[in-house]
Amino acid sequence: MTPRSRAVLVAVVLPFTGLVTTSGNAQQVPGPVKAVQLTGLTGVKDNAKGTLNVENGRLHFVHGKESSDVTATSIEDVVTGADSRKSVGNTVGMISMAAPYGGGRFLSLFRSKIDTLTVKYRDAGGGLHGAIFTMPVGTADVIKKDLVAQGAHTTAKVEPTAAPASSSTPPDKEQKQ
């Protein structure tokens, strides 16, 4: 192998190695995750920033000096999703709209990816509530798995940790007899 071809091989393989390493680390949440509670928790203002974690059978959200808990066994459904939000927002985004020839609209194209976690739960009196959280990519699925492991229910399937054995028939095709 010539030095030039070796350099090309390293240049192609190295970025993929970084992707595999970061995706493997994204599944491990060492502690509380920075999250935004968009709406739904009782006693918490909408769009409250704080930390979210699962401990002792509870979904625990801490914002400022206050905290809010939801027991995992009272959770009827946990759903995760992927979304995006504007990277440039609020005042800077509005001011940039005044740029000539639509130049400010260009900034609205820049978006950052986020995870969403939606929880449907019952309070002590039996009232039905829902809470929506946003958090960094790769953390919502881990929190969902922790909640389900501690007694929460979900209607969506939780991804298995080990890949199932492959079969000769694709899962979306029926076998004809």
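These are my notebook entries on a predicted model of one protein chain.

**Entry 1: ground rules.** I am reading a predicted model, in which local features need pLDDT of at least 70 and side-chain atom pairs count only at pLDDT 80 or more, while totals for chains, interfaces and linings use all residues. Residues are numbered from 1 along each chain as its sequence is written, and side-chain values use heavy atoms, with hydrogens and water left out.

**Entry 2: the outline.** I looked up the secondary structure and found three helices and seven strands, where helices (H or I, at least four residues) and strands (E, at least two) are DSSP runs numbered from the N terminus. Along the sequence the elements come in the pattern α-β-β-β-β-β-α-β-β-α. Of the 177 residues, 24% are buried; buried means under 20% relative accessible area, exposed over 50%, and partly exposed in between, with a 1.4 Å probe and protein chains only. I also noted that 55% of the contacts between residues at least 6 apart in sequence join residues at least 24 apart, a contact being heavy atoms within 4.5 Å.

**Entry 3: confidence.** I checked pLDDT, the predictor's confidence in each residue, from 0 to 100. The chain averages 74, and 55% of the residues score at least 70.

**Entry 4: β3 and its partners.** Which strand pairs with β3 in the antiparallel sense? Strand β4 (residues 66–71) does, over six bridges, and two strands count as paired if DSSP finds at least two bridges between them. The two strands form a hairpin with two residues between them, and G64 in the turn has a positive phi of about 65°. Within this pairing, F61 has S68 in β4 as its bridge partner.

I then searched for aromatic pairs, for which ring centres of Phe, Tyr and Trp (its six-membered ring) must lie within 6.5 Å, planes under 30 degrees apart counting as stacked, over 60 as edge-to-face and the rest as tilted. The count comes to one. The pair is F61 with F133, tilted, at 5.6 Å centre to centre and 55° between the planes. F61 lies in strand β3 and F133 in strand β7 (residues 128–135), so the pair ties together parts that are 72 residues apart in sequence. I found both F61 and F133 buried.

Entry 5: A48 is in strand β2 (residues 48–55) and counts as buried because its relative accessibility is 12%. Leaving out residues up to four places away in sequence, A48 touches A35, V36, Q37, F61 and H63. A48 and H63 are 15 residues apart in sequence, and their C-alpha atoms are 6.7 Å apart in space.

Most residues other than glycine have a negative phi. I therefore noted N47, in the loop between β1 (33–39) and β2, whose phi is positive, near 60°; N47 is exposed, with a relative accessible area of 52%. N56, in the loop between β2 and β3, has a positive phi near 55° and is exposed at 74%.

Entry 6: E76 forms it with R122, the closest N and O atoms being 2.6 Å apart. The pair links distant parts of the chain, E76 in strand β5 (residues 75–86) and R122 in strand β6, 46 residues apart. E76 is partly exposed at 31%, as is R122 at 35%.

T116 is also in strand β6 (residues 111–122). Is T116 buried or exposed? T116 is buried because its relative accessible area is 16%. Beyond its neighbours within four places in sequence, T116 has contacts that include V79, G81, F133 and A140.

**Entry 7: helix α3.** Lastly I listed the buried residues of helix α3 (residues 140–149), which are A140, V142, I143, K144 and L147. After α3 comes G151, with a positive phi near 115°.

Key: Salt bridge = Lys/Arg side-chain N within 4 Å of Asp/Glu carboxyl O.
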